[in-house]
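Me: I would like to learn how to read sheets and loops in a protein model. Can we go step by step?

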Amino acid sequence: MNLLTKMFVTIVTMFITLPTLAQSLESEGRSDLNLRSGVTDISSQVYDLHMLMFMVCVGIAVVVFGVMFISMFLHRKSRGAKPANFHESVKVEIAWTVVPFIILILMAFPAAKTLIAMEDTSEADMTVLVTGSQWKWHYKYMDSDVEFYSTLATQQEQIRNKFAKSENYLLEVDRPLVIPTGQKVRFLITSDDVIHSWWVPDFAIKKDANPGFINEAWTNVNEPGVYRGQCAELCGKDHGFMPIVVIAKTPQEYEKWKAEKIAAIETAKAEEDRLLAMNMSMDDLMTSGQKVYLAKCAACHMPNGEGLPGVFPSIKGSNLVLNDRTGHIDILLNGRTGTAMQAFAKQLTLSEIAAVITYQRNAWGNNTGDIVQASEVHTYANGK
Ligand SMILES: [Cu+2]
């Protein structure tokens, strides 16, 4: 086969395999090869714009390549065509400047209209503060005490190919964001550490979450449903593991959910007070501490406590853990500024912090025998 034939065969195979690939992706329920039209008025406007621009491009391609191929075919050398010989045509040059200019202006009008509508966050019915934080999302409802972290819920075993992958592999979280349908929800988007990006394709929202800045976005979802997205800014080693799940509920169900959330916060506070007054046994602390450790710490410090040399310190045999009890409590509550070790004071309850500290001080041969109770963490936190 000569080179040309090979190229031809490659291109044809590509065109045959592409639709097959598209179909297999679609049958997995994952994607089609087109932009999706989403579930809000804005997202369908964005989709329509995308299709309009696409068709304009197809039209231009058909005209330009059509003229090109037809001229090449009709005026080929074997037919004895003689090339014309001319330079500079003012008429043609003006035409190929003015025509694209007009096309661009015509495309800019509808695009600008949608863009302006997307940026208009005024008159929102409610506001949620969205904060990216390596590697999870924090949601705070500005009109109440409701706030929580939303972390990946996919099992580690699926990620390590030990279990079969579930349908929403890497797109499922423990606590989804819940919003009401038919209301304008404003999002204030920021970050605790590096740049993240809050991306929910069905809402046509993709906004950078920058530390020290607040970006705004909004949505108004028409139909109840579960909508999934991801962090869309490369933000470190677990960038692919901070999905977004938004559940849109009817306003009545949303109010019910919120009342339950508020009640749960009250109960948790009461429970926390009860635990503060109580001493937990070593066994209970170790069990609950291990759970917290695997969920919140193992991504960096590794399940075996050995960390990643040069990046995340080993907890096994750590000098701080073995010898510095207050230092240990302090780093958990306040983190270490400028490093990936974040403050856990707001992410974990006092008893969870006490448990994970006790766990670290006694697991993997760190046999200090130390028991740290929630009350000790509480005293330290309030003394600072
Ligand atoms: Cu991120």
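What follows is a short walk through strands, sheets, a helix and a loop.

Reply: Keep in mind that this is a predicted model.

Me: What holds the strands of a sheet together?

Reply: Strands in a sheet pair through backbone hydrogen bonds, either parallel or antiparallel. Now look at one case. Here five strands form an open sheet in the order 3-2-1-5-8, and the pairing is mixed.

Me: Which strands stand at the edges of that sheet, and why is one side of each left without a neighbour?

Reply: They are strand 3 (147-150) and strand 8 (215-219). Each has a single partner strand, so one side of each has no neighbour in the sheet.

Me: How many bridges join strand 1 to strand 2?

Reply: Six bridges join strand 1 (residues 126-133) to strand 2 (residues 136-141), and the two run antiparallel. Take Thr131: its bridge partner in strand 2 is His138. Now follow His138 onward: its bridge partner in strand 3 is Tyr149. Strand 2 and strand 3 also run antiparallel, joined by four bridges. They form a hairpin, with five residues between them.

Me: Where do the side chains of a strand point?

Reply: In a regular strand they alternate between the two faces of the sheet.

Me: What is the strand order in the other sheet?

Reply: The order is 4-10-9-6-7, again five strands in an open sheet with mixed pairing. Strand 4 (177-180) and strand 7 (205-209) stand at the edges. Each has a single partner strand, so one side of each is left without a neighbour. Further in, strand 6 (residues 196-200) pairs with strand 9 (residues 225-231) in the antiparallel sense, over two bridges. Trp198 has Cys231 in strand 9 as its bridge partner.

Me: Which helix lies across strand 4 and strand 10?

Reply: Helix 5 (residues 251-277) does. It runs at about 140 degrees to strand 4.

Me: Now a loop. Is Gly212 buried or exposed?

Reply: Count the other C-beta atoms within 10 Å; 12 or fewer makes a residue exposed. Gly212 has 6, so it is exposed. Gly212 is found in the loop between strand 7 and strand 8.

Me: How far apart are Gly212 and Ser191 in sequence and in space?

Reply: They are 21 residues apart in sequence. In space, they are 7.2 Å apart, C-alpha to C-alpha.

Methods. Residues are numbered from 1 along each chain as its sequence is written. This is a predicted model: local features need pLDDT of at least 70, side-chain atom pairs count only at pLDDT 80 or more; totals for chains, interfaces and linings use all residues. Two strands pair if DSSP finds at least two bridges between them. Two residues are in contact if their C-beta atoms, placed from the backbone, lie within 7 Å. Axes are lines fitted to C-alpha atoms, for helices over the stretch in contact, and angles run from 0 to 180 degrees between N-to-C directions. A residue is buried if 20 or more other C-beta atoms lie within 10 Å of its own, exposed if 12 or fewer, and partly exposed in between; C-beta atoms are placed from the backbone.
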